[in-house]
Amino acid sequence: MKSGLRVAVVGATGAVGREMLQVLSDRHFPCASVRAFASPNSVGKLLDFGEDTLRVESLESISDPSVFDLALFSCGSERSLVWAPRFARSGCIVIDNSSAWRNHDKVPLVVPEVNAQDLDDASLGVIAVPNCSTIGLVQAIAPLHRNQPLRRVVVTTFQSVSGSGRKGIEELDRQTRQLFNAQGTEPKVYPKRIAFNVLPLIGEPDVDGYTAEERKLMTETLKILGDDQIQVIATATRVPVFVGHALSVVVEPVKAIDVDDARALIADHPGVLVTDAESVMNAPTPEDIAGEDLTLVGRVRRDPSSETGLALWIVSDNLRKGAALNAVQIAETMIQRRLLAPKHKGRQETQ
Ligand SMILES: NC(=O)c1ccc[n+]([C@@H]2O[C@H](COP(=O)([O-])OP(=O)(O)OC[C@H]3O[C@@H](n4cnc5c(N)ncnc54)[C@H](OP(=O)(O)O)[C@@H]3O)[C@@H](O)[C@H]2O)c1
């Protein structure tokens, strides 16, 4: 038998799940076996995994999750709420991409470059991956916050359709073709046409006018940075881009940070590349980042409307760093910290 972890990829046929298989293979993740799970509709479908092919199994068919060491979940909150505890109770570590567990006291919400230490306190055996926009945001602002605590963050997102999964990708593709063929378009996934348009709401607004997508940025940022004093206001929009989320951000530290120092602080943070910019053409776009692992930051500049404010522009691949890559990096970090090892061979194997 190959040495390594026995891994379940749950939601393997989805936009994130397929990227998960790609990332596991790209990074030569130490697995003894990988099995792919999805809904009963996908049973028997074949998925590429490096040079191998995986046959999709039904999640419902799993009677004994203890046969796995690690489960990577990307199958929506409803399923995560039911299945994550079943896997965790059997001794399997669950890393979940949905929003189901992110606000739970006993569940670490982790971007490894920012708060890997929180993994030491995963008593439930479930670790949550933050929202895809939150990950890009904290990657860029954590080094500023460590230098001078941030008292306020104003963020507007420009989120690609792959953030809604396969159905979002299909809707933009279909509507674009229809428009080029002079046909009418009927919105199915989004409330209005997404092709050649910008939608100023992702989901329904609550009584205060904020959507769940915006609330995620407003709460998750505080949990990851470990500071509930930061004021965050978010506006989340959907744009006709297939892959890659962009964020326009203004931060207000308690004391001013020089612009060059801010660029240097962000550039020193692992996983981030500052692309500033004598030329505006160097400002990063979703096209630059699709399929890549780094978070790109550009247009770092002083905010003249506030004493200490700084403005910046962030882009990252929502399927990779925003979901699959971050999940795999969490698993890799847990292996390094001896929090995850093959159960059948004991912890020695990761030393
Ligand atoms: N897309 C992103 O950028 C992104 C980023 C961060 C987090 N997330 C989160 O990741 C999760 C997956 O998102 P996605 O974009 O990959 O969605 P998606 O493309 O719609 O894929 C959903 C996956 O869930 C599976 N699934 C649905 N019902 C199931 C059931 N009853 N049992 C087992 N599997 C079931 C689907 O299987 P079938 O193919 O068989 O239906 C598919 O594999 C969501 O919780 C989402 O919020 C997404």
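Start by selecting β1 and strand β2 (residues 31-38), which pair in the parallel sense over six bridges; two strands count as paired if DSSP finds at least two bridges between them, and the strands (E, at least two residues) and helices (H or I, at least four) are DSSP runs numbered from the N terminus. This is a predicted model, in which local features need pLDDT of at least 70 and side-chain atom pairs count only at pLDDT 80 or more, while totals for chains, interfaces and linings use all residues. Residues are numbered from 1 along each chain as its sequence is written, and side-chain values use heavy atoms, with hydrogens and water left out.

Stay with this pair and pick out L5, whose bridge partner in β2 is C31. Colouring β1 by accessibility shows that six of its six residues are buried, that is, under 20% relative accessible area with a 1.4 Å probe and protein chains only. L5, V7 and V9 point one way from the strand, and R6, A8 and V10 the other way. In a regular strand the side chains alternate between the two faces of the sheet.

Now widen the selection to the open sheet of six strands, which has the order β5-β2-β1-β6-β7-β8 and parallel pairing. Its edges are β5 (57-58) and β8 (126-128), each with a single partner strand, so one side of each is left without a neighbour in the sheet.

Next, select helix α4 (residues 132-147) and helix α6 (residues 212-225), which pack at an angle of about 45° with their axes 10 Å apart. Their contact involves, among others, L137, V138 and I141 of α4 and L217, I224 and L225 of α6.

Finally, move to the other open sheet, where six strands follow the order β10-β9-β11-β14-β13-β12 with mixed pairing. Here β10 (231-238) and β12 (272-274) stand at the edges, each having a single partner strand, so one side of each lacks a neighbour in the sheet. Strand β13 (residues 295-302) pairs with β12 in the parallel sense over three bridges, and V272 has T295 of β13 as its bridge partner. Helix α7 (residues 259-268) packs on this sheet, touching β12, β13 and β14 (310-316).

Conventions:
Axes fitted to C-alpha atoms, helices over the stretch in contact; angles between N-to-C directions. Contact = heavy atoms within 4.5 Å. Buried < 20%, exposed > 50% of the residue type's maximum accessible area, 1.4 Å probe, protein only.
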